[in-house]
Amino acid sequence: MGVEIQVEQLTKSFGRHAVWADVSLTLPAGEISVLLGPSGTGKSVFLKTLVGLLRPDRGSVWIQNQDLPRLSERRLYAIRRLFGVLFQDGALFGSMNIYDNVAFPLREHTRMSESKIRAIVGEKLEMVGLTGDEEKLPGQISGGMRKRAGLARALVLDPQIILFDEPDSGLDPVRTAYLNQLIIDLNQQTDATFLIVTHDINTARTVPDNIGLLFHGKLAMFGPREMLLSSTEPVVRQFLNAQRVGPIGMSEEKDASDLAAEEASGVRLPALPPIQRQLRPSDGGIRRAERPPGFWCRTHGVTPPPGSFTEPRPIQEVPL
Amino acid sequence: MTNPVTFTLRESGHFFAFSLDALRSVLRRPWQVREFIQQAWFISSVSILPAALVSIPFGAVIALQLGSLTQQLGAQSFTGAASVLAVVREAGPIVTALIISGAGGSAICADLGARRIREELDAMQVLGIDPIQRLVVPRVIAAMLVGLLLNGLVSVVGVSGGYLFNVILQHGTPGAYIASFQALGQLPDLLVGEFKALVFGAVAALVASYKGMTAKGGPKGVGDAVNQSVVITFMLLFALNFVITAVYFQIVPQKGS
């Protein structure tokens, strides 16, 4: 079962440049959460602060009653074993082949026999679909394979918390769809707590149980997927629907005069599109954190946009 | 932030903290024997040939400089003595310093810098492994060992180079060259040379590792880090060389004084 992460009033700056301030959120145990944000809002910095690679200016990250930024080095290394992290490019060790990369954490941390290691590595590689590529070096494989190999390495110590740093960057839509399905299936199998940092809207709309949005140095909103997808809050609405109209500008924030001009010219955000169904595990089973479609909307008296949660209809074959 | 004085002070502070961390991790188990052997092999493979090739002309130049002078003074029999003194005391450690920082240090820095920007070091930390203990300590010890051996190599090759040059080109007497070895030099000269090489190896590896592990800004950042690491190491090693020599002359009485 996954572990809950409670983030309180977290603030981080580099020199005089504030990245984000007073971010508070709770990643519920065993659920998939996505953290969204325009480029350069410090999503990756947030992820690295969560595992203690960067130290925040103030604030707390509570995991199992331990405040991560205040732990000694030794205890930090101990608690990091709860984590599995998939870095942007997989972060594989360039001098080792795929097999040794995945086996690395086991060899460093356990006294398992080589045959046991072989069994575990084989199992994880099968999970990510890399069976047969054990002998290849990271430089010889494609970006998508590097990501999957990085994921296998992150999974090998059976982490309770799995963090993904832009799993979809640099992947084509088909590979992204496969990876998203893999994330859902992994959550079903491991029940770990997932946090995905991304700016891919399709991933954000269909994969997670919860969505958070970082904008302008603040956490604009964090909550269940349906809450954000049905939200009329301008920033959330603009970002989740990839619109130009709204508070987010090309460089950063639009200033008041731009916004006033926008309003005067009568440009309005289009109506909210229907909320798609969440991705389901590929074996047809149920994830522990899964809620029926429209559950949040019903219990909170929110009317979802028309056409939401309909069964995806198979495309009819048109006879030629 | 931009003030160069505070910047330099802060960087030096970080470097010393880093060195202390490395020192503390030396005794911590598990010892990375495999990594140490690989690194020692790697550093020696990039440094042996340049060290030998640099020290031959070094010995020859000293013989050339001294040869005609001693001839004019009628002290040809002391060419060997002066040559040994110059090579073992000064040229050995200096050549070792140049090669260790130029060949070994730059390779270490480039390697760790590439790992930094590929997020390999972050990944390692997240997997619960301290890169200082896993990567830096074996490199520092390997550089110390190779420095020690390199200094011996440079001394032998340098003195042989001087011998060949003196005997074959300047028609010096072979017996006199060898017989006068102990006229000016003494055993502590060799020991202090080896001590210097040990310190140089440690400093070069520490600076290179620190610069590599703090590289940022993509591939260009790694290039900059390598460049800075070589320049900083050169300056540090030459300064250290002077300090150690000065202290040595105070502590150990010299022949003929």
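**View 1. Strand 1 and strand 4 of chain A pair in the antiparallel sense.** This close-up comes from a predicted model. Here, 5 bridges link strand 1 (residues 5-14) of chain A with strand 4 (residues 58-63) of chain A. To find your way in, look for Val7(A), whose bridge partner in strand 4 of chain A is Val61(A).

**View 2. The open sheet around that pair has 4 strands in chain A.** Reading across, the order is 2-1-4-5, and the pairing is antiparallel. Which strands stand at the edges? They are strand 2 (17-27) and strand 5 (66-67) of chain A, and each of them pairs on one side only. Helix 1 of chain A lies across strand 1, strand 2 and strand 4 of chain A. Its direction makes an angle of about 120° with strand 1 of chain A.

**View 3. A second open sheet in chain A is built from 6 strands with mixed pairing.** The strand order is 6-7-8-3-9-10. At the edges you will find strand 6 (83-86) and strand 10 (218-224) of chain A; each has a single partner strand, so one side of each is left without a neighbour in the sheet. On average, neighbouring strands of this sheet are turned by 15° against each other, direction ignored.

**View 4. Strand 7 and strand 8 of chain A run parallel.** How many bridges join them? There are 5 bridges between strand 7 (residues 161-165) and strand 8 (residues 193-197) of chain A. A handy landmark is Ile161(A), which has Thr193(A) as its bridge partner in strand 8 of chain A. As a reminder, strands of a sheet pair through backbone hydrogen bonds, and the pairing can be parallel or antiparallel.

**View 5. Chain A as a whole has 11 helices and 10 strands.** Its radius of gyration is 21 Å, close to the 20 Å that the globule rule gives for 320 residues, so chain A is as compact as a globular protein of that length. The C-alpha trace of chain A spans about 70 × 65 × 40 Å along its principal axes. Buried residues account for 40% of the 320 residues in chain A. An unreviewed UniProt entry annotates residues 5-241 of chain A as "domain: ABC transporter". That span is 38% helix and 26% strand, with its end C-alpha atoms 28 Å apart.

**View 6. Chain B meets chain A through 12 of its residues.** On the chain A side, 17 residues are in contact with them. The chain B side of this contact has 5 nonpolar, 2 polar and 5 charged residues.

**View 7. Chain B carries the UniProt annotation "transmembrane region" (unreviewed entry).** The annotation covers residues 40-64, 140-165, 190-210 and 230-251 of chain B. Residues 140-165 of chain B are 100% helix, and the end C-alpha atoms lie 36 Å apart. Residues 190-210 of chain B are 100% helix too, with end C-alpha atoms 30 Å apart.

Methods. Residues are numbered from 1 along each chain as its sequence is written. Chains are lettered from A and ligands numbered from 1 in the order in which they are written. This is a predicted model: local features need pLDDT of at least 70, side-chain atom pairs count only at pLDDT 80 or more; totals for chains, interfaces and linings use all residues. Two residues are in contact if their C-beta atoms, placed from the backbone, lie within 7 Å. Ala, Val, Leu, Ile, Met, Phe, Trp, Tyr, Cys and Pro count as nonpolar, Asp, Glu, Lys and Arg as charged, and the others, Gly among them, as polar. UniProt positions are given in the numbering used here, feature names are shortened, and annotations may be inferred rather than shown by experiment. Helices (H or I, at least four residues) and strands (E, at least two) are DSSP runs, numbered from the N terminus. Two strands pair if DSSP finds at least two bridges between them. Axes are lines fitted to C-alpha atoms, for helices over the stretch in contact, and angles run from 0 to 180 degrees between N-to-C directions. The radius of gyration is taken over C-alpha atoms; the globule rule is 2.2 Å times the number of residues to the power 0.38. A residue is buried if 20 or more other C-beta atoms lie within 10 Å of its own, exposed if 12 or fewer, and partly exposed in between; C-beta atoms are placed from the backbone.
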